[in-house]
Amino acid sequence: MRLATPVLIILATVAAGPAAAEDQPNILVIVSDNQGWMDLGYNGSEIHTPHLDRLAETGVRLDHFYVYPMCSPTRAAFISGRAPSRYGILGAIGYRSRQALPTETVTIADTIRSCGYQTAITGKWHVGLRPEVGPLQFGFDKSYGFFHGQIDKLTHRYKNGDRTWHRNDEYLDEEGHSLDLITAEAIRFIERDRDRPFFLYVPYGAPHPPLQESEEWTAPYADSIEVESRRLYAASCTHMDAAIGQLIETLEQTGQRDNTIVVFFSDNGAIESWPELPDQYGGRFGPYPKLGDNGRLRGWIGDLYDGCVRTPALVNWPGVLEPRVVDEVTSVLDLYPTLATLAGGEIDDAWRLEGRNIWPLLTGEADVPETVLYWKSYNGRRVAVRSENWKLVVDRQSGETELFDMQNDPYEESNLADDHPERVQTLTVLLDRNEALDAD
């Protein structure tokens with residue numbers, strides 16, 4: 001396993017998981033791409049997501065689950081267990097020669113593999129756009145899908161024409177819709193000859209544009225959704241939901257469902273619209289005037305408000321986790337210590353993980369320590385921090401400061417900065433402390 005540089009600040013909180021080594025569960029983590037708070041049936045959407053609705057109904061809903069403002073930062077946070085700004089990853093990585101997650105990072109896949117698991121990713125990587133910084137360099141035994149972000153779902157090329165589709169970090173060409181290919185590969189992995197538990201990461205590229213869906217998926221919305229681009233978006237969500245249903249069915253058919261914990265979340269909030277881009281994808285896509293729906297949550301992708309950084313999430317494990325709703329604040333950073341400990345792993349303080357083991361919250365057995373969440377915008381201009389029920393958003397260029405009471409104002413409508421200067425000062429200290437860690 002790769003070594004991390006030791007530091008003085010220790011941020012991880014770890015507690016024992018419920019399983020002995022001989023009872024290690026399979027771990028399936030599914031991530032959607034730009035799916036808004038209101039873009040699932042169980043949150044009141046007109047979009048049909050029966051399989052996710054069933055997982056939510058029979059599992060644990062994380063109703064205050066936080067991620068980062070864009071694709072690459074959230075994925076880096078999940079893989080590394082640290083705020084993505086620690087690596088300078090603030091926005092969607094778009095060029096091969098630009099940043100990537102450092103290869104010396106001790107990842108969630110590294111740690112779980114050290115517990116005897118077979119590890120695999122099938123889907124969108126987006127924390128390094130070349131084979132040299134592909135999944136096999138970060139603890140995954142098998143990889144499949146695409147290195148880049150938003151790809152043409154049928155040609156599998158990036159917007160500038162880059163080749164990105166691969167198996168085991170080697171480029172290949174295939175025919176078919178990317179969502180279906182990713183699902184088929186995941187199913188093959190689940191059905192493989194099994195002599196050890198698995199950690200399977202399935203980050204879909206849906207419902208991120210460009211949108212390419214057949215009549216099979218758009219027809220159910222012909223009469224209920226007027227705007228064509230919103231119909232395509234809804235169709236993409238339903239297509240992905242059906243794929244998730246196939247994964248769950250495969251677990252059941254192979255006798256693995258009762259020993260598999262399933263985690264689902266969206267990487268960031270919805271994108272409101274998408275312009276016509278004649279210099280990308282050969283000018284074949286857009287404009288999309290209406291796409292996702294974040295409900296009453298403020299903001300869209302790229303913002304630091306909850307419409308972007310608070311997303312749908314759930315955890316499901318039949319017979320182990322009882323159906324419930326967790327309203328306490330949780331985040332993508334909590335998944336590394338929780339899942340690694342569940343697998344039987346040990347967390348080294350030198351890795352500087354910033355999340356908590358939230359297993360006691362999932363089971364309802366106990367509370368966990370409060371967390372401090374910190375965000376930085378893709379251009380570094382805006383920063384935000386949340387501690388307990390208070391959230392501070394600061395524009396470093398203009399000096400504008402916003403303070404929100406998230407318990408009484410979850411839609412971030414009332415700026416209370418002038419009314420609570422002492423609270424602003426307290427959160428500013430936390431903000432400055434976190435920004436200092438970015439430069440460490």
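## Close-up views of a predicted model

View 1. Tyr281 counts as buried, with a relative accessibility of 5%. That value sits below the cut-off, since buried means under 20% relative accessible area. As in every view here, the model is a predicted one. The backbone is worth a look too: phi of Tyr281 is near 55 degrees, which is positive although the residue is not a glycine. You will find Tyr281 in the loop between S9 and H7.

View 2. Ala206 and Pro207 are joined by a cis peptide bond with omega of about 5 degrees. For orientation, Pro207 belongs to the loop between strand S8 (198-203) and helix H5 (215-218).

**View 3. The largest pocket.** This view turns to open space: the largest pocket holds about 480 Å³. Its lining is made up of 23 residues, and those closest to the pocket centre are Met70, Ala92, Gln150, Lys159 and His208. Sorted by class, the lining of this pocket counts 12 nonpolar, 8 polar and 3 charged residues.

View 4. Why are Glu57 and Arg54 about one helical turn apart? The two are 3 residues apart in helix H1 (residues 50-57), so about one turn separates them. Glu57 is exposed, with 54% relative accessible area.

**View 5. A salt bridge between two loops.** Arg163 and Asp173 bring their side chains together in a salt bridge, with 3.0 Å from N to O. This pair links distant parts of the chain, 10 residues apart: Arg163 is in the loop between strand S5 (142-146) and strand S6 (165-167), while Asp173 is in the loop between strand S7 (170-171) and helix H4 (178-191). Arg163 is partly exposed at 30% relative accessible area, whereas Asp173 is exposed at 57%.

View 6. The side chains of Arg356 and Asp334 form a salt bridge at 2.8 Å, N to O. Arg356 lies in the loop between helix H8 (335-342) and helix H9 (359-363), and Asp334 in the loop between strand S13 (330-331) and H8, so the bridge ties together parts 22 residues apart in sequence. Are these two partners buried or exposed? Both Arg356 and Asp334 are buried.

**View 7. Arg352, positive phi in the H8 to H9 loop.** Arg352 lies in the loop between H8 and H9. Its phi is near 60 degrees, again a positive value in a residue other than glycine. Arg352 is buried, with a relative accessible area of 14%.

**View 8. Helix H10 and its buried side.** Helix H10 (residues 421-438) has 18 residues and spans 26 Å from first C-alpha to last, close to the 26 Å expected at 1.5 Å a residue. Its buried residues are Val424, Leu427, Leu430, Leu431, Asn434, Leu437 and Asp438. These cover an arc of only 140 degrees around the axis, so they lie on the same side of H10.

Note on methods:
Residues are numbered from 1 along each chain as its sequence is written. This is a predicted model: local features need pLDDT of at least 70, side-chain atom pairs count only at pLDDT 80 or more; totals for chains, interfaces and linings use all residues. Side-chain values use heavy atoms; hydrogens and water are left out. On a 1 Å grid over the protein atoms alone, a cavity is a set of points where a 1.4 Å probe fits but cannot get out, and a pocket is an open set with protein on both sides within 12 Å along at least five of seven lines; lining residues have an atom within 4 Å of a point. Grid points are joined across faces, edges and corners, and a volume is the space filled by probe spheres set on the points. Ala, Val, Leu, Ile, Met, Phe, Trp, Tyr, Cys and Pro count as nonpolar, Asp, Glu, Lys and Arg as charged, and the others, Gly among them, as polar. Helices (H or I, at least four residues) and strands (E, at least two) are DSSP runs, numbered from the N terminus. Buried means under 20% relative accessible area, exposed over 50%, partly exposed in between (1.4 Å probe, protein chains only). A salt bridge is a side-chain nitrogen of Lys or Arg within 4 Å of a carboxyl oxygen of Asp or Glu. The expected span of a helix is 1.5 Å times one less than its number of residues. The arc is that of the directions from the helix axis to the C-beta atoms.
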